[in-house]
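My entries follow in the order in which I made them.

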Amino acid sequence: MKVLNYMELKIPSKAQNEAFARVAVAAFVAQLDPTLDEITEIKTAVSEAVTNSIIHAYEDKIGEIIIKGKIYENYIVEIEVIDFGKGIEDVELARQPLFTTKPDQERSGMGFTVMETFMDKLEVTSEVGRGTCVRMFKAIKKRKSEGVEIEQGFPGGIDK
């Protein structure tokens, strides 16, 4: 699938950068004229991924978070949130609803569930001691008011 546009953002894992990250991604995706629901869902998913990096990957230290965005033909958006923190021992377990490694901090353990719910496709790769990459995809619906309907979905997958 052809990449039409891309962006990359590098931020320190400070809590105040979570809002900046989601707004920056929303501004990037805005070029596709998404609905308010679509942009809210993307912002929420990015917020969860960045918060996971801040809270779980780096815990009490400041590390680096890289956020990459790509827009593919057919209105497909890819967002990657990458950290170089402690990594996740068991990704499948971490993706289970209500699983948390920080129950003492009143974490709900719903981060990955929220990302999966609001995005069309979610991939998580992680290596202990090296970091985690959360890769999310969303198909933005082409507005009928523009007179053109674009078939949505991920035919044949998405290649980088």
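Predicted model: local features only at pLDDT ≥ 70, side-chain atom pairs only at ≥ 80, totals over all residues.

Entry 1, helix α1. I first looked up which residues of α1 are buried, where buried stands for under 20% relative accessible area, exposed for over 50% and partly exposed for what lies in between (1.4 Å probe, protein chains only). I found Asn17, Glu18, Ala21, Val25, Ala26, Phe28 and Val29 in the buried class. Taking contact as heavy atoms within 4.5 Å, I noted that the buried residues of α1 pack against β1 (3–12), α2 (36–57), β2 (64–72) and β3 (76–83). The helix covers residues 17–29, 13 residues in number, and spans 18 Å from its first C-alpha to its last, close to the 18 Å expected at 1.5 Å a residue; the expected span is 1.5 Å times one less than the number of residues.

Residues are numbered from 1 along each chain as its sequence is written, and side-chain values use heavy atoms, with hydrogens and water left out.

Read from the N terminus on, the order of elements is β-α-α-β-β-α-α-β-β. Of the 160 residues in the chain, 44% are buried. Among contacts with a separation of 6 or more, 64% join residues 24 or more positions apart. The accessible surface of the chain is about 8,800 Å², and carbon and sulfur atoms hold 50% of that surface; the areas come from the Shrake-Rupley method with a 1.4 Å probe, and for residues only the protein chains shown count as cover.

Which residues lie nearest the centre of the largest pocket? They are Asn52, His56, Ala94, Thr101 and Phe112, out of a lining of 30 residues. A pocket here is an open set of points, on a 1 Å grid over the protein atoms alone, where a 1.4 Å probe fits, with protein on both sides within 12 Å along at least five of seven lines, and lining residues have an atom within 4 Å of a point. The space in the largest pocket is about 620 Å³, a volume being the space filled by probe spheres set on the points, which are joined across faces, edges and corners. I noted that α2, β3, α3 (91–94), α4 (111–118) and β5 (131–139) each give at least two residues to the lining, and that α2 gives the largest share, eight residues. By type the lining has twelve nonpolar, twelve polar and six charged residues; Ala, Val, Leu, Ile, Met, Phe, Trp, Tyr, Cys and Pro count as nonpolar, Asp, Glu, Lys and Arg as charged, and the others, Gly among them, as polar.

In α4, the buried residues are Gly111, Phe112, Thr113, Val114 and Met115, and they pack against α2, α3, β4 (121–127) and β5. Arg95 sits in the loop between α3 and α4 and counts as buried at 15% relative accessibility. Leaving out residues up to four places away in sequence, Arg95 touches Phe112, Thr113, Glu116, Leu122, Glu123 and Val124. Glu116, in helix α4, is partly exposed at 35% and, with the same exclusion, touches Arg95 and Leu122.

Most residues other than glycine have a negative phi. Glu59, in the loop between α2 and β2, has a positive phi of about 45 degrees although it is not a glycine, and is partly exposed with a relative accessible area of 35%. Asn74, in the loop between β2 and β3, likewise is not a glycine and has a positive phi of about 65 degrees; Asn74 is partly exposed at 33%.

Ala15 lies in the loop between β1 and α1 and is exposed at 56% relative accessibility. Its C-alpha is 7.4 Å from that of Thr51, 36 residues away in sequence. Asp33, in the loop between α1 and α2, is partly exposed at 35%, and its C-alpha is separated by 9.8 Å from that of Tyr75, 42 residues apart along the chain.

Notes
Helix = DSSP H or I, 4+ residues; strand = E, 2+ residues; numbered from the N terminus.
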